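These are my notebook entries on one structure. I set down what I looked up, entry by entry.

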Amino acid sequence: MTPDWTQVGLTQVALGLGLGYLFGAIPFGLILTRLAGLGDVRAIGSGNIGATNVLRTGRKGLAAATLLGDALKGTAAVLVAGRLGGQEAALAAGLGAFLGHLFPVWLGFKGGKGVATFIGVLLGLFPLGVPVFAVIWLGLAFLLRYSSASALAASAATPVALWAFGQSHLAVLFCILALLLWWKHAPNIRRLAAGTEGRIGQKG
């Protein structure tokens, strides 16, 4: 059911945004690499706290755990907020979790790029959208061998798919999330345009 935004209480929205932000701002990549004795993941590679940069430590298990944590914190945020404040709170929590991951206050507002959290929020709000994202990502990754390009295309297609599923309110939310994700991937877009973006499996 589409929420009636004319009657949405500020309390539900504030609850969702705040709770979502707290979940989203958990820096799993930083926490896990420090617990593993690898120091600050921000000091290597791209300086990002996401799974792709964690993979540069050579620890595939840690990268997978980071990916899972970054996704499930988005899922948990919308499910908990939805239980406490209803659908409006869940939608606000999805936005809050994404913003928390991108701009965690305790890391100087320098967070990840949002792909895993995007998927996690989608899983919590509309699980049928996840296979759409996955098929597009996997198909393009296989054809182009660019992880960033695959994620950009899949995120752009998600709002369209949600609209086709009759989820217009979710389509609006994920259009906002996709725009933020593209903005965070600006360096990747420039490298793709210049032909210098690293391919999947490429060494060096």
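**Entry 1: Ser150**

I began with Ser150, which is buried, with a relative accessible area of 0%. The model I am reading is a predicted one. I placed Ser150 in helix H7. I then looked up its contacts, leaving out residues up to four places away in sequence, and found that Ser150 touches Trp137, Leu140 and Ala141.

**Entry 2: Ser148**

I turned to Ser148, which also has its place in helix H7. Is Ser148 buried or exposed? I noted a relative accessible area of 7% for Ser148, and since buried means under 20%, Ser148 is buried. Which residues are in contact with Ser148, once its neighbours within four places in sequence are left aside? I listed His185, Asn188, Leu192 and Glu197.

**Entry 3: the largest pocket**

I next looked up the largest pocket and recorded about 1400 Å³ of space in it. I counted 40 residues in its lining, and the closest to the pocket centre are Ala51, Thr52, Asn53, Leu55 and Ser147. Which elements give two or more residues to this lining? I wrote down helix H3 (51-55), helix H4 (60-102), helix H5 (115-125), helix H6 (129-144), helix H7 (147-164) and helix H9 (186-194). The largest share comes from H4, with 6 residues.

**Entry 4: H5 against H6**

I examined how H5 and H6 pack and noted an angle of about 150°, with their axes 8 Å apart. Angles over 145 degrees count as roughly antiparallel, so I recorded H5 as roughly antiparallel to H6. On the H5 side, the contact is made by Val115, Phe118, Ile119, Leu122 and Leu123. On the H6 side, I listed Gly129, Val130 and Phe133.

**Entry 5: Ile119**

I followed one of the H5 contact residues, Ile119, and confirmed its place in helix H5. Leaving aside neighbours within four places in sequence, I found Ile119 in contact with Val130 and Phe133. Ile119 is partly exposed, with a relative accessible area of 23%. I also looked up the separation of Ile119 from Gly61: they are 58 residues apart in sequence and 20 Å apart in space, C-alpha to C-alpha.

**Entry 6: H8 against H9**

I then took helix H8 (residues 168-184) with H9 and noted a packing angle of about 65°, with the axes 4 Å apart. Which residues of H8 meet which residues of H9? I recorded Trp182, Trp183 and Lys184 in H8, and Ala186, Pro187 and Ile189 in H9. By class, the contact of H8 with H9 has 5 nonpolar residues, no polar ones and 1 charged.

I kept Ala186 for a further look; its place is in helix H9. Ala186 is partly exposed, at a relative accessible area of 24%. From Ala186 to Ala161 I noted 25 residues in sequence and 24 Å in space, C-alpha to C-alpha.

**Entry 7: Gly86**

I returned to helix H4, where Gly86 has its place. At 26% relative accessibility, Gly86 counts as partly exposed. Gly86 and Leu170 are 84 residues apart along the chain, and I recorded 15 Å between their C-alpha atoms.

Most residues other than glycine have a negative phi. I therefore made a note of the exceptions I came upon, in view of that general rule.

Where is Phe109 found? I placed Phe109 in the loop between H4 and H5. Phe109 is not a glycine, yet it has a positive phi of about 65°. I noted Phe109 as partly exposed, at 49% relative accessibility.

I found Arg145 in the loop between H6 and H7. Arg145 is not a glycine either, and I recorded a positive phi of about 65° for it. With a relative accessible area of 35%, Arg145 is partly exposed.

Key:
Residues are numbered from 1 along each chain as its sequence is written. This is a predicted model: local features need pLDDT of at least 70, side-chain atom pairs count only at pLDDT 80 or more; totals for chains, interfaces and linings use all residues. Side-chain values use heavy atoms; hydrogens and water are left out. On a 1 Å grid over the protein atoms alone, a cavity is a set of points where a 1.4 Å probe fits but cannot get out, and a pocket is an open set with protein on both sides within 12 Å along at least five of seven lines; lining residues have an atom within 4 Å of a point. Grid points are joined across faces, edges and corners, and a volume is the space filled by probe spheres set on the points. Axes are lines fitted to C-alpha atoms, for helices over the stretch in contact, and angles run from 0 to 180 degrees between N-to-C directions. Angles under 35 degrees count as roughly parallel, over 145 as roughly antiparallel, 65 to 115 as roughly perpendicular and the rest as oblique. Contact means heavy atoms within 4.5 Å. Buried means under 20% relative accessible area, exposed over 50%, partly exposed in between (1.4 Å probe, protein chains only). Ala, Val, Leu, Ile, Met, Phe, Trp, Tyr, Cys and Pro count as nonpolar, Asp, Glu, Lys and Arg as charged, and the others, Gly among them, as polar.
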